[in-house]
Amino acid sequence: QVQLVESGGGLVQAGGSLRLSCAASGRTFSAYGMGWFRQAPGKEREFVAAITWNNDYTTYADYAGSVKGRFTISRDNAKNTVYLQMNSLKPEDTAVYYCAAHPDCGLGYTGSEYDYWGQGTQVTVSS
């Protein structure tokens, strides 16, 4: 079992920045690929970013096209935490953001690939 708790959401003006954190507890954090998803009101949950690493500690990350170049996902295995740095925020980034973990190597792009989810943190971007 892995427990995930997100934090760092809030209200920000367009063009501003926020950093989301996802603290993990339970089984070995470093063995899991991690991802961020978001869900806006009336819309389906969508992939935002994913990160994983291989046996030589090389980190791999990928992003949805809508956030590429503005968001950065990172992880600190010593702190059992994954981050999502969000810059140049737009009103269309407004959503509840969820972090998730999956026990397989590789990047996960769909929600069905993930076994564990946090409770979500609200991000609101005003125009």
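First, the ground rules. The model is predicted, so local features need pLDDT of at least 70, side-chain atom pairs count only at pLDDT 80 or more, and totals for chains, interfaces and linings use all residues. Residues are numbered from 1 along each chain as its sequence is written, and side-chain values use heavy atoms, with hydrogens and water left out.

Let's start with the sheet. Four strands, in the order β1-β3-β8-β7, form an open sheet with antiparallel pairing. Strands here are DSSP runs of E, at least two residues, numbered from the N terminus. Two strands pair if DSSP finds at least two bridges between them. Which strands sit at the edges? β1 (2–7) and β7 (71–76) do, and each pairs on one side only. From one strand to the next, the twist averages 15°. That angle is taken between N-to-C directions of lines fitted to C-alpha atoms, on a scale from 0 to 180 degrees.

Look at β7 next. It is joined to β8 (residues 81–86) by 6 bridges, and the two run antiparallel. To find your place there, take I73: its bridge partner in β8 is L84.

There is another pairing to see. β5 and β6 are antiparallel, with 5 bridges. W53 stands opposite T59 in β6. The hairpin of β5 and β6 has 5 residues between the strands, and Y57 in that hairpin has a positive phi near 70°.

On to charges. Side chains of opposite charge can pair when their charged atoms come close. How many salt bridges does the structure hold? There are 4. The rule is a side-chain nitrogen of Lys or Arg within 4 Å of a carboxyl oxygen of Asp or Glu.

Buried or exposed? R38 is buried, at 6% relative accessibility. D93 is buried as well, at 1%. E46 is partly exposed, at 36%. The cut-offs: buried is under 20% relative accessible area, exposed is over 50%, and partly exposed is in between, with a 1.4 Å probe and protein chains only.

A network of salt bridges links R38, E46, R70 and D93. R70 lies in the loop between β6 (59–63) and β7. At 11% relative accessibility, R70 is buried. Its side chain also reaches the backbone oxygen of S66 at 2.9 Å. Leaving aside residues up to four places away in sequence, R70 touches Q85, M86, N87, S88, L89, K90 and D93. Contact here means heavy atoms within 4.5 Å.

One more charged pair. K68 and D62 meet in a salt bridge at 3.7 Å, N to O. D62 is partly exposed, at 22%.

Next, the rings. A pair of aromatic rings is described by the distance of the centres and the angle of the planes. Rings of Phe, Tyr and Trp (its six-membered ring) pair if their centres lie within 6.5 Å; planes under 30 degrees apart are stacked, over 60 edge-to-face, and the rest tilted. The count by this rule is 6 aromatic pairs. Y32 and Y116 make an edge-to-face pair, 6.0 Å centre to centre, with 70° between the planes. Y32 is in the loop between β3 (18–26) and β4, and Y116 is in strand β10 (residues 116–117), 84 residues apart. Both Y32 and Y116 are buried.

F37 and F47 have ring centres 5.8 Å apart and planes at 75°, so that pair is edge-to-face. F37 and F47 are both buried.

Last, the backbone. Most residues other than glycine have a negative phi. What is the phi of N80? It is positive, near 55°. N80 sits in the loop between β7 and β8, and is partly exposed at 29%. S88 has a positive phi too, about 50°. S88 is in the loop between β8 and β9, partly exposed at 41%.

Methods:
A polar contact is a pair of N or O atoms within 3.5 Å; within protein, one must be able to donate a hydrogen and the other to accept it, and residues adjacent in sequence count only if both atoms are side-chain atoms.
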